[in-house]
Amino acid sequence: MKILLAGSTGVIGKMVIPFLIKEGHDVFGMIRSEKHVKSMEELGVKPVIADAFDRDSVYAALIETQPDVVMHQLTALNSGDIDDNSKIRKEGTRNLVDAANHVGVKKMVAQSISWAYEPGNTLATEETPLDINAPLPRKITIDGVIALEEKVKEMPEFIILRYGTFYGPGTWYSRNGKIAKQLHKQELYATNGITSFIHVKDAAKAAVLALNWPSGTVNIVDDEPAKGTIWLPYFARMIGAPLPYIKDIHNSWERGASNNKAKKQYGWEPMYASWTEGFDMLH
């Protein structure tokens, strides 16, 4: 297929490119500036310059490429600013979906998150409502996710991938990532909140497989949701950082997510069934 990859220079975007190329797809990488042209070409991608916030340039990119599928991996994770990430989910998605529908794109595969569900005591499923009553600052993230998912559902066909917390190369949860640096400075403490992780390779592979999945929303998380009191000390040991302090607290929205739908309805299996497998490679 002919695929336009929005967010091609991001962690998942860069990880998904080799999978797409290997599958024989014709990949166009949407980039914001010419400085990424060479790196995209070296990966076998045809670069297309467009800023997700510039509606005209997004339309021009879609008109030029006429893709069969748009893969939406746009984020602002590097900035660490939840306002930036919410803005790109709202405005970037709006421009991308409108332009895609304008040129008759059949399908969109989009990146969402699996920790936007309302509070609860069990693992969240795709039928669990999103946390529409979340207080600030969490509300900023939730509003962005809701806007993204509602807009993506305007496509003729769509797959919304609600990813777990990314770990692996280039993420906050890597040997030199943001969380590692905070642990070394003893700035973090472990709580009873539950996290569902996903290795970036599994996230990328799921996006490629989703090209052939029927429309729907699906959690892409590993098989082992874990409390912070378990995974954060484990992570600290793997990177040689001091063990974090323990606090007996738990935000009720930190409930983890179930991957039953992905496995049973879509036939997906993670390469890294547990975050421990990926964390062990940091040692």
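User: Hi! Before we start, what do buried, exposed and partly exposed mean here?
Analyst: Buried means under 20% relative accessible area, exposed means over 50%, and partly exposed is in between (1.4 Å probe, protein chains only). This is a predicted model, where local features need pLDDT of at least 70 and side-chain atom pairs count only at pLDDT 80 or more, while totals for chains, interfaces and linings use all residues. Residues are numbered from 1 along each chain as its sequence is written, and side-chain values use heavy atoms, with hydrogens and water left out.

User: Thanks! How many salt bridges are there?
Analyst: The count comes to 11, a salt bridge being a side-chain nitrogen of Lys or Arg within 4 Å of a carboxyl oxygen of Asp or Glu.

User: What does Asp-26 pair with?
Analyst: Asp-26 forms a salt bridge with Lys-46, with the closest N and O atoms 2.4 Å apart. This pair links distant parts of the chain, from strand E2 (residues 26-31) to strand E3 (residues 46-49). Strands here are DSSP runs of at least two residues and helices (H or I) of at least four, numbered from the N terminus.

User: Is Lys-46 buried or partly exposed?
Analyst: Lys-46 is partly exposed, because its relative accessibility is 38%.

User: Switching topic: which residue does Arg-162 meet?
Analyst: Arg-162 meets Glu-149 in a salt bridge at 2.6 Å, N to O. Arg-162 sits in strand E6 (residues 157-163) and Glu-149 in helix H5, 13 residues apart.

User: And why does Glu-149 count as buried?
Analyst: Because its relative accessibility is 3%. Arg-162 is buried too, at 5%.

User: Which residues form a network?
Analyst: Salt bridges link Arg-55, Asp-98, Lys-151 and Glu-154 in a network.
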